[in-house]
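Here are a few notes to go with the structure, written as numbered points. Have a look at the model first, then read along.

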Amino acid sequence: MSDILIVDDERDIRELISDILEDEGYATRKAGNSEDCMTLLNQDLPSLLILDIWLKDSQMDGIDILKTVKRDNPEVPVVIISGHGNIEIAVAAIKQGAYDFIEKPFNIDQLMVVIRRAMEASQLRRENTDLRRKETGSSEMIGSSAAFRGPIGQLDKVTKSNGRVLLSGRCLQGKEIAARYIHTNSARSTAPFITVSCAGIEPDRMEEVLFGRETSERGVEPGLLEQAHGGVIFFDEVADMPLGTQSKILRVLVDQQFQRVGGNDKVRVDLRVISATSKDLEIEINADRFRQELYHRLNVVPILVPSLADRREDIPQLAEFFITQFNESQGLPLRDLADEAVALMQTMTWPGNFRQLKNMVERVLILGDGSGPIEVRDLPREEEKVVEGAGWFCPAHLQPCRCVRPAKPLSGNIF
């Protein structure tokens, strides 16, 4: 989005506006009918569209083009111009989403004021949208152990492609951080990263959340797929996606387009898909809970994310990273780790993986006295208990949870 597209069936008008804008430093493209206009729009979205209402020898008039642009690319501002201006046309254009309406013959100064304001407003909207839809979260991969170097080497390779990636591993093993690492180091790093929490969305709302909806009362409400256009869509715990939605997502992966709920028009999207699961998807397929075709579409590059227990050598480095992070974000003390504390942490059982370690570090920094090194006595030493009928108490989720269950009772070193 770097230029201004001028659409008018009068060549003299197109050239005049183009010359004026280029004198002001803007790049322009020109179209004399609706067919050329739509072709140019599909090639590359402009920063602004200047659009004549009446277009001779065209399949669509200016209002039809305006409706299409506002439906598919609402962030593009449209300034309507017309030599047959009246209040009814102006009102109709504004209702359909036009930024402003200018009657021919127009004053050059007036035209430039409207164009500058439209582009400034559009830039602010884009920045606000980007801030809302680009979820914050760490993408730093910390470690140097052999168990870490293998997966990080795979992640580095997949950043250079658009291939679909399936991240597997137990709950809270850092799969979302791995997905963000791929996004941050890829060619799509400046585009959105949208997370779909498949386990956290009500099944009967899943399709509206993903595909968006169209209603006469509220118009177009874009879904997460549309918000991720140009970037990455991350399906977290993809095994929990409803079967009916799975078949529709499969079609999106094939066609790169979909229909909003309640709508009839096709919405085209350019997406990279990264998925994650803590379940064995082949077991889910055999139990008819997951579609085999979707599994093969998502499982182009499978990567197993190691647990914290597999990366004990990295625990000191990870703990120091969390200490620095909490110091910068919350002003908590910047404390060192005593050797004995490090040794104890490396022998502990970590059913809550990285989240458990992060929680433990935060707790020690909040409750600890002074700013000296963290000693063994500072580390939590609470017994883990089994809650009847509810599973093991999860130190990461801070409640009874079946996300992880050790093979034998836990030692007293777990908090």
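1. Let's start with a helix pair: the axes of α13 and helix α15 (residues 353-367) cross at roughly 55° and come within 9 Å. That makes α13 oblique to α15, since angles under 35 degrees count as roughly parallel, over 145 as roughly antiparallel, 65 to 115 as roughly perpendicular and the rest as oblique. Axes here are lines fitted to C-alpha atoms, for helices over the stretch in contact, and angles run from 0 to 180 degrees between N-to-C directions. The crossing of α13 past α15 is right-handed, meaning that the near helix is turned clockwise from the far one by less than a right angle.

2. A word on the source: this is a predicted model, in which local features need pLDDT of at least 70 and side-chain atom pairs count only at pLDDT 80 or more, while totals for chains, interfaces and linings use all residues. Residues are numbered from 1 along each chain as its sequence is written, and side-chain values use heavy atoms, with hydrogens and water left out.

3. Which residues bring α13 and α15 together? From α13, the contacts (heavy atoms within 4.5 Å) include Leu-318, Phe-322 and Phe-326, and the α15 residues they meet include Phe-354, Leu-357 and Leu-365.

4. Helix α13 (residues 315-330) also packs with helix α14 (residues 339-347), at an angle of about 110° and with the axes 10 Å apart. That makes α13 roughly perpendicular to α14. This crossing is right-handed too, and here Ile-315, Pro-316 and Ala-319 of α13 meet Val-342, Met-345 and Gln-346 of α14.

5. Now for the sheet. It is open and has 5 strands in the order β7-β10-β13-β6-β14, with parallel pairing. Its edge strands, β7 (193-197) and β14 (301-304), each pair on one side only, and the twist averages 20° from one strand to the next. Strands pair if DSSP finds at least two bridges between them; β7 and β10 (residues 232-236) are joined by 5 bridges, and Thr-195 stands opposite Phe-234 in β10.

6. Helices cover this sheet as well. Helix α6 (residues 146-158) packs on the sheet, touching β6 (165-168), β13 (272-277) and β14, and its direction makes about 150° with that of β14. Helix α7 (residues 175-184) lies across β6, β7, β10 and β13, at about 155° to β7.

7. How many of the 10 residues of α7 are buried? The count is 7, where buried means under 20% relative accessible area, exposed over 50% and partly exposed in between (1.4 Å probe, protein chains only). Among them are Lys-175, Arg-180 and His-183, and the buried residues of α7 pack against α6, β6, β7, β10 and β13.

8. The largest nonpolar core has 32 residues, and those touching the most other members are Val-196, Leu-210, Leu-225, Ile-233, Phe-235, Ile-249 and Phe-290. A nonpolar core is a set of buried Ala, Val, Leu, Ile, Met, Phe, Trp, Tyr and Cys residues joined through side-chain atoms within 4.5 Å. A second, separate core of 26 residues includes Phe-326, Ala-341, Trp-350 and Leu-365.

9. Finally, the overall picture: the protein has 15 helices and 17 strands, taken as DSSP runs (helices H or I, at least four residues; strands E, at least two) numbered from the N terminus. Buried residues make up 47% of its 415 residues.
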